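Q: I would like to learn how to read a protein model, one feature at a time. Could you give me the general idea first, and then show me the case at hand?

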Amino acid sequence: MKLKRLFIIHGKTSTVEKHDLGHNCTFEQDKFYGKATFNLSKASVVDKVAKFTYNAIGSSTYAAVKAGFTDPKTDQATRISFKISLPSKQDGFWYDNRIDKTESILMEAFFDPVCPDSRDSWPPLKRALNHYGSRVSLVVHPFPLPYHDNAFICSRALHIVNKLNTSSTYRLLESFFDQQDKFYNKATFDLSKASVVEKVARFTSNAIGNLNYAAVKAGFTDPKTDQATRISFKYGCVKGVYGAPFFFVNGFPLPGAGSPLDYKAWRNILDPLFSPAGQLKTEALHFFM
């Protein structure tokens with residue numbers, strides 16, 4: 001994302017400059033991922049990319065390039081763009097082992113574990129789930145937003161735990177929601193990726209309790225958990241998800257994406273679906289909207 005952002009920063013430079021930058025990035029990619037940046041903080045990576053950009057282009061000053069990384073417009077412009085392969089199994093975590101049945105209402109929630117709006121939407125949704133019981137089924141899909149620090153690492157932790165013990169997945173999700181401030185902004189800005197992974201792995205094993213730290217840490221070197229986390233994100237993109245939280249009921253998206261729904265809103269959405277008269281009323285209303 002940082003490399004894509006530097007193209008946005010240079011959006012007003014000449015075509016030749018952008019071509020030169022693209023050429024250099026293509027042939028020197030190994031400077032910017034894997035081991036090359038694993039032990040660097042986010043601040044250090046930004047500085048590294050800014051200096052690389054300045055050296056590659058030459059005609060732009062380093063100060064101007066570095067300033068571009070603090071410009072919210074370049075951040076906003078970088079947030080849109082992706083290869084899709086078919087997964088071997090369905091994505092998501094089923095709540096309370098209520099796997100979808102034809103007679104139940106299927107609810108899907110796309111959550112970012114370090115997103116405040118995702119956090120705020122969970123208590124009223126959980127209350128609704130408890131109210132309707134087996135009449136509804138919920139599957140949560142991790143949707144790590146690229147502009148939330150460490151969202152991918154925390155989402156990957158959910159996949160790791162789900163693979164080790166499915167009964168612990170929602171406990172970990174709630175733990176992330178309760179202590180989000182440990183994983184973004186100043187709390188991790190000067191930490192390397194390796195340090196963040198270590199921090200998330202220890203938090204995960206402590207939050208769950210019955211999982212071995214070594215097993216959790218090993219999960220972060222398992223390519224299958226990396227792939228599963230990518231599939232979750234791509235699945236959301238295929239469904240048209242562009243923020244979190246994002247909800248679907250029986251396959252249809254709900255309005256107000258990116259904002260929490262309170263308990264009353266969930267009752268207003270779901271109650272009519274259990275009443276034939278109410279369902280007709282809802283359908284008639286939607287027909288005229």
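Q: Which residues of α9 meet which residues of α10?

A: Contact means heavy atoms within 4.5 Å, and the names of elements follow DSSP runs numbered from the N terminus, where helices are H or I runs of at least four residues and strands are E runs of at least two. Here R171, L172, S175 and F176 of α9 meet V200, F203, T204, A207 and I208 of α10. Keep in mind that this is a predicted model, in which local features need pLDDT of at least 70 and side-chain atom pairs count only at pLDDT 80 or more, while totals for chains, interfaces and linings use all residues. Residues are numbered from 1 along each chain as its sequence is written, and side-chain values use heavy atoms, with hydrogens and water left out.

Q: At what angle do the axes of α9 and α10 cross, and how is such an angle read?

A: Axes are lines fitted to C-alpha atoms, for helices over the stretch in contact, with angles from 0 to 180 degrees between N-to-C directions. The axes of α9 and α10 come within 9 Å and cross at roughly 120 degrees. That makes α9 oblique to α10, since angles under 35 degrees count as roughly parallel, over 145 as roughly antiparallel, 65 to 115 as roughly perpendicular and the rest as oblique. A crossing is left-handed if the near helix is turned anticlockwise from the far one by less than a right angle, and right-handed if clockwise; α9 passes α10 in a right-handed crossing.

Q: How many residues of α9 are buried?

A: Buried means under 20% relative accessible area, exposed means over 50%, and partly exposed lies in between, using a 1.4 Å probe and protein chains only. By that rule seven of the 10 residues of α9 are buried, so that the helix is mostly covered. The buried ones are T169, Y170, L172, L173, S175, F176 and F177, and their cover includes β1 (93-94), β2, α7, β3, α8 and α10.

Q: How do α8 and α10 cross?

A: Their axes come within 10 Å and cross at roughly 40 degrees, and α8 and α10 are therefore oblique to each other. The crossing of α8 and α10 is right-handed. On the α8 side the contact is made by I153, C154, A157 and V161, and on the α10 side by K193, V196, V197, V200, T204 and I208.

Q: Which residues have the most contacts inside the largest nonpolar core?

A: A nonpolar core is a set of buried Ala, Val, Leu, Ile, Met, Phe, Trp, Tyr and Cys residues joined through side-chain atoms within 4.5 Å. The largest one has 43 residues, and L125, L138 and W266 have the most contacts inside it. Among the elements giving two or more residues to this core are α7 (116-132), β3 (136-142) and α13 (263-270), while α8 gives the most, with seven. Leaving aside neighbours within four places in sequence, W266 is in contact with M107, P124, L125, A128, Y132, F247, V249, L254 and L261. A second, separate core of nine residues includes F143, L145, A244 and F246.

Q: Where is C115 placed, and which residues does C115 touch?

A: A loop residue can still be examined for burial and contacts. C115 is in the loop between β2 and α7, and C115 counts as buried because its relative accessibility is 2%. Not counting residues up to four places away in sequence, C115 touches H148, Q180 and A244.

Q: Which peptide bond is cis?

A: The bond from A244 to P245 is cis, with omega near 0 degrees, and P245 sits in the loop between α12 (223-238) and β4.

Q: What is the phi of N185, and is N185 buried or partly exposed?

A: Phi of N185 is near 55 degrees, a positive value in a residue other than glycine. N185 is found in the loop between α9 and α10, and N185 is partly exposed, with a relative accessible area of 48%.
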